[in-house]
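Please read the points below alongside the sequence and the model.

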Amino acid sequence: MPRLSKKTMFAIEAVLDVAYHVGEHPVRSGDITERQRIPKRYLEQVLQHLVRAGILSGKRGPRGGYRLGRDQGSITLGEVVRVVRRLEAETEPNDPATGSPLAHEIVWPMWEKLRDDMMAQLDNITIEDLCQAARAKGLAATAVRQQAHGQLTI
């Protein structure tokens, strides 16, 4: 099946973290890094692409940080995944000569159909849905990632 890359997981976690923790002030990237344990080198790159795509909005300066670019009910996982796919496509080689006729005529079309089906499902899951699921599990906003690592600290 299509794999969940580190960058994709980091992007989803970052958007969810912003949605879950935003308040009066924007969410700082350092806070996201600390809570989600996302390496800063990945996070900054992903955040920039999410801002360009309008999923997040960024504010520079001492009180800067990130907010959702629009209502959390209108941002889907499919959008986030597509942003990362474009980012990863910039660095991945794409050689159409690789593979046999069976691969080109049978395997790749089947794989693309599966990916399209998965993306259609991801397009039906919003950031709001994920925030509601986190609240339903009783996850406090500041403890979302710590609990996943067995270090619940609220």
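Thr126 counts as buried because its relative accessibility is 12%, where buried means under 20% relative accessible area, exposed over 50%, and partly exposed in between (1.4 Å probe, protein chains only). The model is a predicted one, in which local features need pLDDT of at least 70, side-chain atom pairs count only at pLDDT 80 or more, and totals for chains, interfaces and linings use all residues. Residues are numbered from 1 along each chain as its sequence is written, and side-chain values use heavy atoms, with hydrogens and water left out.

**Surroundings of Thr126**
- Thr126 lies in the loop between α5 (101-122) and α6 (127-136).
- Leaving aside residues up to four places away in sequence, Thr126 touches Gln72, Gly73, Ile75 and Thr76; a contact means heavy atoms within 4.5 Å.

**Overall fold**
- The protein has seven helices and two strands, arranged along the sequence as α-α-α-β-β-α-α-α-α.
- Helices (H or I, at least four residues) and strands (E, at least two) are DSSP runs, numbered from the N terminus.
- Of the 154 residues, 36% count as buried.
- Among contacts between residues at least 6 apart in sequence, 68% join residues at least 24 apart.

**Nonpolar core**
- The largest nonpolar core has 34 residues, and those with the most contacts inside it are Val15, Leu50, Leu56, Val80 and Ile127.
- The elements that give two or more residues to this core are α1 (6-21), α3 (40-52), β2 (65-68), α4 (77-89), α5 and α6, and α1 gives the most, with nine residues.
- Such a core is a set of buried Ala, Val, Leu, Ile, Met, Phe, Trp, Tyr and Cys residues joined through side-chain atoms within 4.5 Å.
- Leu50 touches Ala11, Val15, Ile55, Leu56, Val80 and Val83, not counting residues up to four places away in sequence.

**Aromatic pair**
- The count comes to one aromatic pair.
- The ring centres of Phe10 and Tyr42 are 5.3 Å apart and their planes are at 55°, so the pair is tilted.
- This pair links distant parts of the chain, with Phe10 in helix α1 and Tyr42 in helix α3, 32 residues apart.
- Rings of Phe, Tyr and Trp (its six-membered ring) pair if their centres lie within 6.5 Å; planes under 30 degrees apart count as stacked, over 60 as edge-to-face and the rest as tilted.
- Phe10 counts as buried, at 12% relative accessibility.

**Surface**
- The protein exposes about 9400 Å², of which carbon and sulfur atoms supply 54% (Shrake-Rupley method, 1.4 Å probe).
- Val107, in helix α5, is partly exposed, with a relative accessible area of 41%.
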